[in-house]
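Please open the structure in your viewer and keep the selection tool at hand.

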Amino acid sequence: MALSKPPSHPPSHSPLAERLRPKNLGEVVGQQHLLADGLPLRIAFESGEPHSCILWGPPGVGKTTIARLMASSFDAHFITISAVLGGVKDIREAVEQATIWQAQSGRRTIVFVDEVHRFNKSQQDAFLPHVESGLFIFIGATTENPSFEVNSALLSRATVYVLQPLAEPDLKLIIASALADTALSAIESIADKAVDRLVAFADGDARRLLNTLESLSVAARSEKITAVTDAWLIQVLGERLRRYDKGGEQFYDTISALHKSVRGSDPDAALYWFVRMLDGGAEPRYLARRLIRMASEDIGLADPRALRMALDAADVYARLGSPEGELALAQCVVYLAVAPKSNALYKAFNEAKAFVKQGGSQPVPLHLRNAPTQLMKTLDHGKDYRYAHDEEGGFAAGENYFPTGMEAPNFYQPVNRGLEIKIANKLSELKAKNHQKN
């Protein structure tokens, strides 16, 4: 059913995102993994005892809102510092204000630092003595991993809460709330397809969604449009709507094209689809996870460095974020595309899983069992086990490592590419030694 607006109210000139900011905890949309009854942040609110914390999450998910609600809930003086624009001078002013406030009213102060990862180590250190003394409660907001971007001394004095992108139902609820606001007076309804497209475009970010709705309202008023259709939405937003629904068919078609281009050893095509996904709004961390998977599934032991490359690229992105970290992911895409390919490990793993599922649990042979006690040794645990390092060439030829009576299933079959050529030769040599011993 399309979302329709209720009767209009007197207009307000405040930005829509600010006007719809929750006034109490019950109005907060999303983050129920932290705010539901009995969960960490809810308990903090209900206890009446605020504590220093770091709110880590993507843009537009409620970090500033939660910090403000803490201040109002605890009846605390609220000081905001932007780490993008501020510096040590702003920290000193916050300390002076907190000191005066405490002396005059005895009430607590919350110092909220937005984008705290932008402060360097010495700037972050400036908060430590005042957090320690209890002069103020420190709340930092960051879109970057605090493990890398917040110094360990400050991190040890604050609880880290991880906020998630808003889910589709949350964003639809926000659209419904926005339609009730007089700022969108030109819009009376939004068609279902247009709602879905707006939700996909927002990509979990409530602020982006509300700013977009406000822009649409201006366009609708200019063109005397009262019902937002999907076609009109595409026409108005144009280039910005290249983003796609992360759960939709187009998204999975594009990641499939990237994966198959890497598997097909075409670095140009792989780069093209990778950039298409970035341009379409795909989360780079998701792409990093997929690259790690490709390194194991399609390259494996033909070039073990591929997995290390993928892990390093993911770490670089976690440390630098966008856009700087995206180059490391692009480097990984090209490396994976040109690396020798093998799915031998992938096939072996799947065959082993199927084999174990079908065959059940076979007992471990006595010579392979652990024998940490005298009783176990008396029961022959570990008896006749041959320690490979003491054998010629570090290999116990003829030894059996499978359950008794089970034939070796030969899951892993190296391909004739990359390092697996050497691995295949090594396995052939070891099998020949086993054959001679038996």
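Select I110 and I137 together: I110 stands opposite I137, which lies in β5. These residues belong to a predicted model, in which local features need pLDDT of at least 70 and side-chain atom pairs count only at pLDDT 80 or more, while totals for chains, interfaces and linings use all residues. Residues are numbered from 1 along each chain as its sequence is written, and side-chain values use heavy atoms, with hydrogens and water left out.

Now extend the selection to strand β4, residues 109–114, which pairs with β5 in the parallel sense over five bridges. Strands here are DSSP runs of E of at least two residues, and helices are runs of H or I of at least four, numbered from the N terminus; two strands count as paired if DSSP finds at least two bridges between them.

Stay with β5, residues 137–142, where six of the six residues are buried, so the strand is largely enclosed by the rest of the structure. Buried means under 20% relative accessible area, exposed means over 50%, and partly exposed lies in between, with a 1.4 Å probe and protein chains only. On one side of β5 you will find I137, I139 and A141, and on the other F138, G140 and T142, all of them buried.

Next select β2, which is joined to β5 by four bridges and runs parallel to it; here I54 stands opposite G140. Strand β2, residues 53–56, also pairs with β6 in the parallel sense over four bridges, and in this pairing W56 stands opposite V162.

With all five strands shown, the open sheet reads β3-β4-β5-β2-β6, with parallel pairing. The edges are β3 (77–82) and β6 (159–162), each with a single partner strand, so one side of each is left without a neighbour in the sheet.

Then move to the largest pocket, which holds about 1,200 Å³ of space. A pocket is an open set of points on a 1 Å grid over the protein atoms alone, with protein on both sides within 12 Å along at least five of seven lines, and its lining residues have an atom within 4 Å of a point; the volume is the space filled by probe spheres set on the points, which are joined across faces, edges and corners. Of its 37 lining residues, P58, P59, E283, R285 and Y317 are the closest to the centre.

Finally, select C53 and C332: C53 is buried at 0% relative accessibility, and C332 is likewise buried at 0%.

Definitions and conventions:
1 Å grid on protein atoms, 1.4 Å probe; cavity = no way out; pocket = protein on both sides within 12 Å on 5 of 7 lines; lining within 4 Å.
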